[in-house]
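Hi,

Here is the structure I promised to pass on. Please open it alongside this note. My findings follow below it.

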Amino acid sequence: MAPTTTRHDVRRITAQFHIHGDFVDAQPYGSGHINDTYCAVFDQGAARVRYIVQRINHNIFKNPLGLMENVSRICRHSQAALRESGAPDATRRAMTLIPARDGQDWLVDAENNVWRTYIFVEGARGYDVIENTGQAFQAARSFGAFQKLLVDLPGGRLVETIPNFHNTTARFAAFQKSLAADSRNRAKDVKAEVEFLLAREKDCSLVVDHIKAGRIPERVTHNDTKLNNVLIDDKTQEGICVIDLDTSMPGSALYDFGDMVRTSTSPSKEDETDLSKVYLQEAYFEALARGYMSSAGGFLNAYEKDLLAFSGKLLTMECGMRFLTDHLDGDAYFKTARPNHNLDRARNQFKLVADIEGKLDGLNKLVAAL
Ligand code: ADP
Ligand code: GN1
Ligand code: MG
């Protein structure tokens with residue numbers, strides 16, 4: 001099982017960042033599957049102030065310093081754009097890194113862990129399960145605006161923090177390799193799931209082939225547009241801040257839209273085991289498509305627009321395949337909280353894929369009508 005959040009000496013870590021006041025407390029925070037995230041509280045006299053302190057999972061991100069250079073460039077560019085536009089409360093609308101005492105935007109500790117500290121975006125939260133179509137519209141508008149903002153990111157191509165991250169052809173090959181190795185002797189229990197994927201091998205290469213042929217352009221994309229990676233303002237319900245920038249790198253607009261469909265159209269969590277509660281709600285898909293087109297519609301080409309609905313099926317299948325692969329590998333990648341957690345997640349995602357398949361024609365019509 002991949003380790004669940006381990007305790008670190010966050011007081012000692014934060015002492016090496018430019019944070020004013022006295023350390024009060026730090027607790028594990030959020031429901032991310034990858035990094036170790038803490039919320040640290042400081043007493044600054046007039047107020048208690050919270051910070052997000054994260055240890056980058058360097059088993060997954062093999063080049064954490066390259067990753068931090070990406071994140072730093074994106075944060076600075078976003079802050080500059082906000083200041084230029086005169087937007088109020090800029091530190092709530094884009095992530096802001098607190099520098100370490102040596103002036104860098106990150107810290108390398110004695111065990112070679114890479115740490116960073118962000119200003120805590122107060123008065124907003126991310127949702128693991130969507131509550132209304134307004135949230136879908138807002139999340140999609142925010143991720144589209146994020147892509148638009150990064151169209152003119154200065155400083156050259158971003159580092160690929162995980163090469164081939166959404167290369168579904170390569171993901172399929174990795175799945176087949178794990179299946180053949182069957183290192184935990186689990187293949188015998190997942191025959192139906194394996195069949196499900198093998199029957200859909202062709203789908204895996206469609207977008208990758210369009211990209212190779214130049215029909216779908218490379219863009220700077222977020223690549224992890226889970227609903228809980230956009231914070232929604234508690235009062236106004238506006239999508240206020242895109243977070244979790246670790247996979248922001250060259251990608252396809254379709255990866256971002258597809259992962260929104262995966263995480264924002266079903267009424268239950270991605271590890272729900274009652275599969276009757278897992279299905280795509282058309283009204284949520286429509287809200288996503290409208291929100292996304294409102295900010296990204298101006299730069300998408302015809303191929304991208306045509307494949308928006310398909311991308312929902314593709315990214316859901318890809319994620320299910322990654323969960324199943326991790327189950328076969330013995331749960332080495334995603335954090336898990338119970339036995340067969342990754343298998344439950346895979347089954348959940350495949351149910352959603354099957355449901356999207358049945359609705360695809362209608363969804364395509366919906367997009368075309370926009
Ligand atoms: P992971 O890659 O493990 O998903 P995230 O960067 O998404 O890590 O952070 C985990 C959680 O911490 C998020 O889901 C969110 O709830 C919270 N979080 C992260 N950054 C901030 C921030 N700047 N302000 C408030 N909450 C945050
Ligand atoms: C991980 O970090 P988090 O929890 O936002 C994963 C995504 C998956 C997602 C599935 C770097 O996202 O790719 O879609 O879990 N991130 C990485 O919930 O692998
Ligand atoms: Mg996250």
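Predicted model: local features only at pLDDT ≥ 70, side-chain atom pairs only at ≥ 80, totals over all residues.

Asparagine 229 is in the loop between strand S7 (219-221) and strand S8 (230-233), and aspartate 244 is in the loop between strand S9 (239-242) and strand S10 (249-251), so the pair ties together parts 15 residues apart in sequence. Asparagine 229 counts as buried because its relative accessibility of 5% is under 20%. Aspartate 244 is partly exposed, at 24%.

Now ligand 1. It has 18 residues around it, and the closest are Asn35, Gln54, Ile119, Val121 and Asp244. By class, that shell holds nine nonpolar, eight polar and one charged residues. Both domain 1 (10-120) and domain 2 (133-369) contribute to the shell, so ligand 1 lies between them.

Some polar contacts to oxygen atoms of ligand 1:

- Isoleucine 34: a backbone N or O atom at 3.3 Å.
- Asparagine 35: a polar backbone atom at 3.1 Å.
- Asparagine 229: a side-chain N or O atom at 3.1 Å.

Taken alone, ligand 1 exposes 550 Å², and the protein buries 93% of that.

One more residue to look at is glutamate 286, in helix H9 (residues 282-296). Glutamate 286 is partly exposed, with a relative accessible area of 26%. Glutamate 286 and alanine 136 are 150 residues apart in sequence, yet 8.8 Å apart in space, C-alpha to C-alpha.

Best wishes

How values were computed: Residues numbered from 1 in each chain as written. Chains lettered and ligands numbered in written order. Heavy atoms only, no water. Helix = DSSP H or I, 4+ residues; strand = E, 2+ residues; numbered from the N terminus. Buried < 20%, exposed > 50% of the residue type's maximum accessible area, 1.4 Å probe, protein only. Near = heavy atom within 4 Å. Polar contact = N/O pair within 3.5 Å; in protein donor to acceptor, adjacent residues only side chain to side chain. Areas by Shrake-Rupley, 256 points an atom, 1.4 Å probe, with all protein chains shown as cover. Nonpolar A, V, L, I, M, F, W, Y, C, P; charged D, E, K, R; others polar. Domains from an automatic or database assignment.
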